[in-house]
Amino acid sequence: MSQVFPGNRVVHPIEQESFRRLRSRLDTAHFPPLTRAVVERVIHSAADLEYASDLVTDEDALRHAHTALHAGAPVVVDVEMVAAGITRRDTVCRLRDAVSGPGLTRSAHAVRLAYEQVGPGALWVIGCAPTALEELLLLDAEPALVIGLPVGFVGAAESKAALRASGLPAVSNVSEKGGSAVAAAALNALLYHPTPTPTAAGSPAATEATAPAKETS
C-alpha cells in the first residue's frame with residue numbers, strides 16, 4: 001500500500017521496499033537527520049552504497065538550506081536532466097540561453113546568466129558539468145547551499161575539492177562519480193524532509209528528529 005508523507009507526497013510500495021532493503025544492508029541510523037536523508041536518497045538513486053562514505057555533508061549547512069528551501073529560495077540547476085529529477089519545485093536552468101566563448105563553456109555561461117536572474121541566497125544543484133561548478137566558485141553568489149556532484153574523469157573530482165576548500169555550504173563527494181540523478185536526489189531529500197512543527201506548548205519541535213527514516217522511505 002502506498003503511504004502519504006509530508007507535502008502530500010505519495011510513496012509507492014516499490015520505493016518503500018527499496019529503502020527497507022537499503023537499510024538492511026547499510027546502517028544509517030548514526031547519521032544526523034538531514035544528512036541521513038541526503039545519504040539515503042542519493043544511495044537509492046544510484047543503487048550505490050559507496051556514497052555513504054564518499055559524500056561530504058554538514059548537518060548545520062543542510063539545516064539552514066532546508067529552511068531556505070522551504071521558505072521559497074530559488075533552485076538553480078546546471079542541466080535540464082537535473083531539473084527533470086526535481087519534480088516538486090520549479091527550477092532555473094539557463095543552459096539553452098548560454099553560448100560558449102574563448103575560455104568559457106556554455107555551462108559556465110549558464111551559471112553567470114542564472115546568477116544574474118536569481119541573485120544571492122539560491123540553492124545551486126550541479127550534477128553534470130565541472131565547469132559550471134568552477135564558474136559558480138568564481139562568483140560572489142552567497143548560496144544557501146551548493147549541491148556539487150558533477151561526474152567525469154576530467155575536472156569533476158577537482159571541482160568538488162575546490163568547492164569544499166571554498167568554505168561554502170555544500171554537499172559534495174570525493175570521487176569522480178556523481179551525475180544528474182544523484183544531484184537531484186540530494187535536493188529532493190531536503191524537499192521531502194518534513195519541516196519543524198510547533199508543539200502543544202508552542203515551542204518548535206522538529207519532526208525530523210522523530211521520524212528521519214519515514215521521510216526517506
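Helices (DSSP runs of H or I, at least four residues) and strands (runs of E, at least two) are numbered here from the N terminus. The model is predicted, and local features need pLDDT of at least 70, side-chain atom pairs count only at pLDDT 80 or more, while totals for chains, interfaces and linings use all residues. Residues are numbered from 1 along each chain as its sequence is written, and side-chain values use heavy atoms, with hydrogens and water left out.

**Exercise 1. Find which residues of helix 8 are buried, and explain why they line one face of the helix.**

Step 1. Buried means under 20% relative accessible area, exposed over 50%, and partly exposed in between (1.4 Å probe, protein chains only). In helix 8, which spans residues 156-166, the buried residues are A156, A157, S159, K160 and L163.

Step 2. Looking down the axis of helix 8, these buried residues fall within an arc of 165 degrees (taken from the directions from the helix axis to the C-beta atoms), so they line one face of the helix. An α-helix has 3.6 residues a turn, so residues three or four places apart point the same way.

Step 3. On the other side of helix 8, E158 and A165 are exposed, while the cover over the buried residues includes helix 7 (130-138), strand 6 (145-148) and strand 7 (170-173), where contact means heavy atoms within 4.5 Å.

Step 4. After helix 8 comes G167, and its phi is positive, near 85 degrees.

**Exercise 2. Describe where V42 lies and which residues V42 touches.**

Step 1. V42 belongs to helix 2, residues 33-46, and at 0% relative accessibility V42 counts as buried.

Step 2. Leaving out residues up to four places away in sequence, V42 touches Y51, L55, V182, A185 and A186.

Step 3. One of these partners, A185, is 143 residues from V42 in sequence, yet their C-alpha atoms are 5.3 Å apart in space.
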